[in-house]
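I opened my notebook to record a few things looked up in one structure.

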Amino acid sequence: MSTRGNTKAKVKSAALAALAIGALAVGASYFRKEAVTDSHRLARQVILRYTFSRAERPIIVLGDSITEASTLPRSLCDHAVVNAGLDGASTVSDLGTWLLEGLNGRRAAAILIALGTNDALQGRKQEEFEANYGSLLAQLRGATDHLVVLGIPSVEVRGRMPPDYQAETMKRIDVFNAALPALAEKSGATFAALPPMPAPHTIDGIHLDAVGYAVWEDAVLNGVRGACSTH
């Protein structure tokens, strides 16, 4: 082989090696992120079990990272308010089984479900979303007299949320929100709609800023106030 051929081969080999290293780095980064998320969620689930064990008829807000990052009050009409938000949670996270095991036969004054954002971001089909959400409501129906379904907040073109992805995600969110009232009614739950969000209302296109949380938290608290009348 000529010197020129050897040089080309070496360049090609170096390029392939660089690509392989880059792929390994991306993969390692991805798996580290997944591992951190799983570790955080597991630790939080354990802590929430401890919280449930000492809360008498709590008001539980079950959701994803939007719920987890909220600053809900610690109590409402003498009921403890338990923020049961779990980063990355969706309708496929088997939250009903986990929550019922954590309650260990105790009843909640109210359970509000705030899910759907991750389902929309992950491209979940309407049929699967409705089936999963319906199953969750059926699981939790017997654990409280006040089961509430919260509307899904909109996402924005902001941060790392590009216009095309935002548009696709909003189509799914609109479809999901349109289905939630009927799902709630079928399960004997109450639907709590979210009023239109101001613009902007997120810090990154997905997670709420102070203005967004003012709207979201007000809808949550109004949704669970039914528990106060039976205290």
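**Entry 1: the model.** I noted at the start that this is a predicted model.

**Entry 2: two helices.** I looked up how helix α3, residues 95–103, sits against helix α5, residues 126–140. I found an angle of about 15° between the two, and their axes are 9 Å apart. Angles under 35 degrees count as roughly parallel, so I wrote down α3 as roughly parallel to α5. I also noted that α3 and α5 cross in a right-handed way.

Next I asked which residues of α3 and α5 meet. On the α3 side I listed L95, G96, T97, L99 and L100. On the α5 side I listed L136, Q139 and L140. Sorted by class, this contact has 5 nonpolar residues, 3 polar ones and no charged ones.

**Entry 3: the second largest pocket.** I looked up the volume of the second largest pocket and found about 310 Å³ of space. Its lining has 13 residues. I noted T51, R74, V81, V82 and N83 as the ones that lie nearest the centre of this pocket. Two elements, α1 (3–53) and β3 (79–85), each give two or more residues to the lining. I then sorted the lining of this pocket by class: 8 residues are nonpolar, 2 are polar and 3 are charged.

**Entry 4: the cavity.** How many cavities of 30 Å³ or more are there? I found 1. The space in the largest cavity is about 70 Å³. I wrote out its lining: D64, I66, T67, A114, L115, G116, T117, L150, G151, I152, P153 and W216. By class, the lining of the largest cavity has 7 nonpolar, 4 polar and 1 charged residues.

**Entry 5: the backbone.** I first reminded myself that most peptide bonds are trans, and that most residues other than glycine have a negative phi. I then looked up two places that depart from this pattern.

Which kind of peptide bond joins A199 and P200, and what is its omega? The bond is cis, with an omega of about -5°. I placed P200 in the loop that runs between β6 (190–192) and α7 (210–224).

The other place is D78, which is not a glycine but has a positive phi of about 70°. I found D78 in the loop between β2 (75–76) and β3.

Notes
Residues numbered from 1 in each chain as written. Predicted model: local features only at pLDDT ≥ 70, side-chain atom pairs only at ≥ 80, totals over all residues. Heavy atoms only, no water. Axes fitted to C-alpha atoms, helices over the stretch in contact; angles between N-to-C directions. Helix = DSSP H or I, 4+ residues; strand = E, 2+ residues; numbered from the N terminus. Parallel < 35°, antiparallel > 145°, perpendicular 65-115°, else oblique. Left-handed = near helix turned anticlockwise from the far one by under 90°. Contact = heavy atoms within 4.5 Å. Nonpolar A, V, L, I, M, F, W, Y, C, P; charged D, E, K, R; others polar. 1 Å grid on protein atoms, 1.4 Å probe; cavity = no way out; pocket = protein on both sides within 12 Å on 5 of 7 lines; lining within 4 Å. Points joined across faces, edges and corners; volume = space filled by probe spheres on them.
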